[in-house]
Amino acid sequence: MATTENNTTLAAAIDALGSDTFAAALLDFIRATADFDSSVIMAYPESGDLNVLHNDLHEGDQSGFGGPYRDGLWLLSPTHLAAKAGLRGFFPILELAPDNFEESQYYALYYQSSGVVDHSIYLLESGDDCPLAISMERTGNMQPFTDGERRGLSAITETVAALVRQHWKSAQSAGETQKSALHQQVEMVLLQFGTSVLTPREREVVQLVLRGYPSKRIATALGISGQTEQVHRKNIYQKLGLSSHNELFSLFFDALVQPHTPQIDPLAALLSK
């Protein structure tokens with residue numbers, strides 16, 4: 001029965017390629033393997049603006065997504081950071097998130113009030129290699145995904161990826177974009193973060209870390225060796241009184257909610273306490 005349903009929904013998704021009904025048909029194909037009641041498909045173009053390709057989120061999810069997340073917190077979301085780091089495939093959220101994610105400020109700002117009981121993601125690429133996320137959540141009275149359901153979702157990854165590449169041949173400018181005041185605030189805080197205590201090169205490293213770049217890509221982007229990148233990172237942690245990647249993100253969130261002035265390090269008030 002499941003195979004018959006998969007074949008039927010796959011045929012419907014193929015028939016819908018190139019049409020406005022494709023995204024819904026694609027989600028129906030995925031649901032034939034494991035059901036969910038809240039979903040959204042997003043693209044992360046190089047421009048930095050979030051492209052919402054399809055929004056089928058549960059009512060309880062809409063306020064968090066339409067407010068803090070979409071306004072700018074998506075820049076530091078586990079899915080965006082993992083996509084920027086080059087990860088592709090099917091992932092339960094906790095495989096992408098940092099340690100103690102459920103205790104983080106990010107979790108409190110987005111997940112805690114939305115009623116999400118489980119969250120899985122496909123990280124794929126459009127036809128022009130733009131990173132794309134298919135977010136699948138279970139809310140309300142639904143149970144978390146079982147191990148068997150996760151295996152099933154993982155098994156259809158290549159089929160989902162092929163459909164996505166064929167339909168979204170260019171996602172760099174597709175969908176609905178939004179760049180809000182909070183988005184601009186995130187960018188400004190990133191630019192000024194640590195200016196009072198870090199060297200220009202250390203600030204470059206911090207900005208790339210916070211934007212989700214792994215160590216090798218940071219070293220390549222800055223034209224330095226991996227060993228030099230690690231030295232910079234060690235010096236950054238020492239100057240900021242940190243011991244881990246997670247603490248750096250926590251400090252950035254603390255800085256983000258502080259009153260701030262353009263051209264002034266948002267860390268200045270925090271470090272003086």
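**Close-up views of a predicted model**

Leaving aside its neighbours within four places in sequence, Glu202 is in contact with His232, Asn235, Ile236 and Lys239. These close-ups come from a predicted model, and we start with the surroundings of this residue.

View 1. Glu202 belongs to helix α10, which covers residues 200–210. Is Glu202 buried or exposed? Its relative accessibility is 4%, under the 20% cut-off, so Glu202 counts as buried. Have a look, too, at the end of its side chain: the Glu202 side chain reaches the backbone nitrogen of Thr199 at 3.0 Å.

**View 2. Helix α11 packed with helix α12.** Here α11 (residues 215–222) meets α12 (residues 226–240), their axes 9 Å apart and at an angle of about 105 degrees. That angle makes α11 roughly perpendicular to α12. Which residues make the contact? From α11 come Ser215, Ile218 and Ala219, while α12 brings Gly226, Glu229, Gln230 and Arg233. Sorted by class, this contact of α11 with α12 holds three polar, two nonpolar and two charged residues.

**View 3. Helix α2 within the structure.** Our last stop is α2, made up of residues 22–31. Of its ten residues, seven are buried, so α2 is largely enclosed by the rest of the structure.

Key. Residues numbered from 1 in each chain as written. Predicted model: local features only at pLDDT ≥ 70, side-chain atom pairs only at ≥ 80, totals over all residues. Heavy atoms only, no water. Axes fitted to C-alpha atoms, helices over the stretch in contact; angles between N-to-C directions. Helix = DSSP H or I, 4+ residues; strand = E, 2+ residues; numbered from the N terminus. Parallel < 35°, antiparallel > 145°, perpendicular 65-115°, else oblique. Contact = heavy atoms within 4.5 Å. Nonpolar A, V, L, I, M, F, W, Y, C, P; charged D, E, K, R; others polar. Buried < 20%, exposed > 50% of the residue type's maximum accessible area, 1.4 Å probe, protein only. Polar contact = N/O pair within 3.5 Å; in protein donor to acceptor, adjacent residues only side chain to side chain.
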